[in-house]
Amino acid sequence: MDSVLSIKDLSIQIKNRNLMHGISFDIGEGEAVLLSGANGIGKSTLLKSILCLESEGKKISGDINVRGFGNILSLSGEDIQRFRSSIAYVQQRDDYSEMGNIQVRDIISESGEAGSRKTLSYSEVNDLIDEWIPRRDDNSRIFDAKSKPAKFSGGEQRLLSVLSVIATRSQAELMIVDEPLNNLDFVNARNISNLINRVIRENPKMALLMISHCRIFPFVTREIKLTSEGIQDVSEHYEC
């Protein structure tokens, strides 16, 4: 199986603190890998390091190889931006509360521009919303292109974040998702789980690396655990 993501002997130091050492693992085409581990062990830091995000005060050694880009730790400038734009990355936290009059169309179109350099119209954004998110029982949308995320509930903000990535980068070779379901009600958790499940089903060669404490994902193929000693393959069969 061809590796989409290959991490070799990765070590991360933050402000003279050795966070992790000797991390190595591969994710191949069609694999959906759950990354588990204790709180504070560095799971989110590992995901951000794969994207070369939040690098201030951080020292990284080793190799992070992504198919088509080589060792991304050697990239800079436009090359690193092109790499990030190719990845379907859902970060852990959403905060639209300070965005005032920013609309859903702005959020989704910005993600679309980063991925394909195409600006999306209001009608195109509404079409994407209808394509990916079921309507309520009264046939209304949960939100539309002109809705303002600053007024959304936490669950609606999370749903928008996941949608903006998946709807505009559904053909990505690599998806990285950080805690998609934390503190969500059943409806939003179900909608987000269905979004991720669908994109994996429709893009069977996509590789997925995901952190989640919620074991409800039927598409996960294996689990790896981040510990103070490095990465451990979880021997037990993954069960959702």
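The model is a predicted one. That pair belongs to the pairing of strand S7, residues 174–178, with strand S8, residues 207–211, which is parallel and runs over 5 bridges.

Now the sheet around them. Six strands form an open sheet, and the order is S6-S7-S8-S3-S9-S10, with mixed pairing. At the edges are strand S6, 88–90, and strand S10, 230–233, each of which pairs on one side only. From one strand to the next the twist averages 20°.

Next, strand S3 in that sheet. S3 pairs with S8 in the parallel sense over 4 bridges, and 5 bridges join S3 to strand S9, residues 222–227, also in parallel. Leu-34 stands opposite Met-210 in S8, and Leu-34 also stands opposite Glu-223 in S9.

How many of the residues of S3 are buried? The count is 6 of the 6, residues 32–37, so the strand is largely enclosed by the rest of the structure. In a regular strand, side chains alternate between the two faces of the sheet. In S3 both faces are covered: Ala-32, Leu-34 and Ser-36 are buried on one side, and Val-33, Leu-35 and Gly-37 are buried on the other.

On to the other sheet. This one is open too, with 4 strands in the order S2-S1-S4-S5 and antiparallel pairing. Strand S2, 17–28, and strand S5, 70–71, stand at the edges with a single partner strand each, so one side of each has no neighbour in the sheet. Helix H1, residues 43–50, packs on this sheet and touches S1, S2 and S4; the direction of H1 makes about 115° with that of S1.

Within the sheet, strand S1, residues 3–14, and strand S4, residues 58–66, pair in the antiparallel sense over 8 bridges. One example is Ser-6, whose bridge partner in S4 is Asn-65.

Two residues have backbone angles to point out. Asp-9 is found in strand S1, and its phi is near 50°, a positive value in a residue other than glycine. Glu-179 lies in the loop between S7 and H6, and its phi is likewise a positive value near 50° in a residue other than glycine. Which of them is buried, and which partly exposed? Asp-9 has 49% relative accessibility, so Asp-9 counts as partly exposed. Glu-179 is buried, with a relative accessible area of 3%.

Now the helices. The axes of helix H5, residues 154–166, and helix H6, residues 186–202, come within 9 Å and cross at roughly 10°. The two are therefore roughly parallel to each other. From H5 the contact is made by Gly-155, Glu-156, Arg-158, Leu-159, Val-162, Leu-163 and Ile-166, and from H6 by Asn-188, Asn-191, Ile-192, Leu-195, Ile-196 and Val-199. Sorted by class, that contact has 8 nonpolar, 3 polar and 2 charged residues.

Last, helix H4, residues 122–132. Its buried residues are Val-125, Asn-126, Leu-128, Ile-129 and Trp-132. Where on the helix do these buried residues fall? Seen down the axis of H4, they are within an arc of 155°, so they line one face of the helix. An α-helix has 3.6 residues a turn, so residues three or four places apart point the same way.

That is all I have.

Terms used
Residues are numbered from 1 along each chain as its sequence is written. This is a predicted model: local features need pLDDT of at least 70, side-chain atom pairs count only at pLDDT 80 or more; totals for chains, interfaces and linings use all residues. Side-chain values use heavy atoms; hydrogens and water are left out. Two strands pair if DSSP finds at least two bridges between them. Contact means heavy atoms within 4.5 Å. Axes are lines fitted to C-alpha atoms, for helices over the stretch in contact, and angles run from 0 to 180 degrees between N-to-C directions. Buried means under 20% relative accessible area, exposed over 50%, partly exposed in between (1.4 Å probe, protein chains only). The arc is that of the directions from the helix axis to the C-beta atoms. Angles under 35 degrees count as roughly parallel, over 145 as roughly antiparallel, 65 to 115 as roughly perpendicular and the rest as oblique. Ala, Val, Leu, Ile, Met, Phe, Trp, Tyr, Cys and Pro count as nonpolar, Asp, Glu, Lys and Arg as charged, and the others, Gly among them, as polar.
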